[in-house]
Amino acid sequence: MSSELPAPIDIAAVAEWSDEVDVVVVGFGIAGGCAALEAARAGARVILLERAAVYGGTSAMAGGHFYLGGGTAVQEATGIEDSAEEMAKYLAAVSQDPEYDKIRAYANDSVEHFDWLEALGFEFERSYFPGKAVIQPGTEGVMFTGNEKVYPFCRMARPGPVG
């Protein structure tokens, strides 16, 4: 079995197409999968292209932590106070060249993203990991993920544990 990619074909050499679609999504990582799903839910005919042998992209290599805060159901269930405003302040503080409009949009929509993932069937345990770790050692639903407790960031924002 060869691991080499086939040679590209010039578009002018394509005599006919096998599929007609409304949306072409290139890459079946988490973003591509979400885009394809929502386009299909909206009624579009979608084709999802992935050059690797399996789906997942770099998301499949990640530790499995979703940076979602701002008052998610897990935060509420574990008694953690957080807000989109504090989440945005923290993300802007730790960003080298923050794009404030994107950060605010991400923080403002974080709870909605969490709810969307749960509606798809993702299960987030309603528990808190209080220790220090890059990725929680068990299946805890929230934890501090970076410099939230570290000076100067702890003075710039009051985000809660996320996950």
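**Close-up views of the predicted model**

Figure 1. Setting aside residues within four places in sequence, the contacts of Glu140 are Glu125, Ser127, Tyr128 and Phe129. Glu140 and Phe124 are 16 residues apart along the chain, and 8.0 Å separates their C-alpha atoms.

**Figure 2. Aromatic pair of Phe66 and Phe124.** The ring centres lie 5.8 Å from each other and the planes make an angle of 75 degrees. Because an angle over 60 degrees counts as edge-to-face, the pair of Phe66 and Phe124 is assigned to that class. Phe66 belongs to the loop between β2 (46–49) and α2 (73–77), and Phe124 to the loop between α5 (110–120) and β3 (128–129), so the pair ties together parts 58 residues apart in sequence. In total, the count of aromatic pairs is six.

**Figure 3. Packing of helix α3 (residues 84–94) with α4.** The axes of α3 and α4 are 8 Å apart, and the helices pack at an angle of about 140 degrees. The two helices are therefore oblique to each other, since only angles over 145 degrees would count as roughly antiparallel. The crossing of α3 past α4 is right-handed. On the α3 side, the contact is made by Ala84, Met87, Ala88, Leu91 and Ala92. On the α4 side, Tyr100, Ile103, Arg104, Tyr106, Ala107 and Asn108 take part. Sorted by class, the contact of α3 with α4 consists of nine nonpolar residues, one polar and one charged.

**Figure 4. Cis peptide bond between Tyr151 and Pro152.** Omega for the bond from Tyr151 to Pro152 is near 5 degrees. Pro152 is placed in the loop between β4 and α6.

**Figure 5. Confidence across the elements of the protein.** The mean pLDDT of the protein is 89, with 98% of its residues at 70 or more. Among the elements, helix α4 (residues 100–108) has the highest mean pLDDT, 97. The lowest mean, 84, is that of helix α6 (residues 153–156).

Definitions and conventions. Residues numbered from 1 in each chain as written. Predicted model: local features only at pLDDT ≥ 70, side-chain atom pairs only at ≥ 80, totals over all residues. Heavy atoms only, no water. pLDDT = per-residue confidence, 0-100. Helix = DSSP H or I, 4+ residues; strand = E, 2+ residues; numbered from the N terminus. Axes fitted to C-alpha atoms, helices over the stretch in contact; angles between N-to-C directions. Parallel < 35°, antiparallel > 145°, perpendicular 65-115°, else oblique. Left-handed = near helix turned anticlockwise from the far one by under 90°. Contact = heavy atoms within 4.5 Å. Nonpolar A, V, L, I, M, F, W, Y, C, P; charged D, E, K, R; others polar. Phe/Tyr/Trp six-rings, centres within 6.5 Å; stacked < 30°, edge-to-face > 60°.
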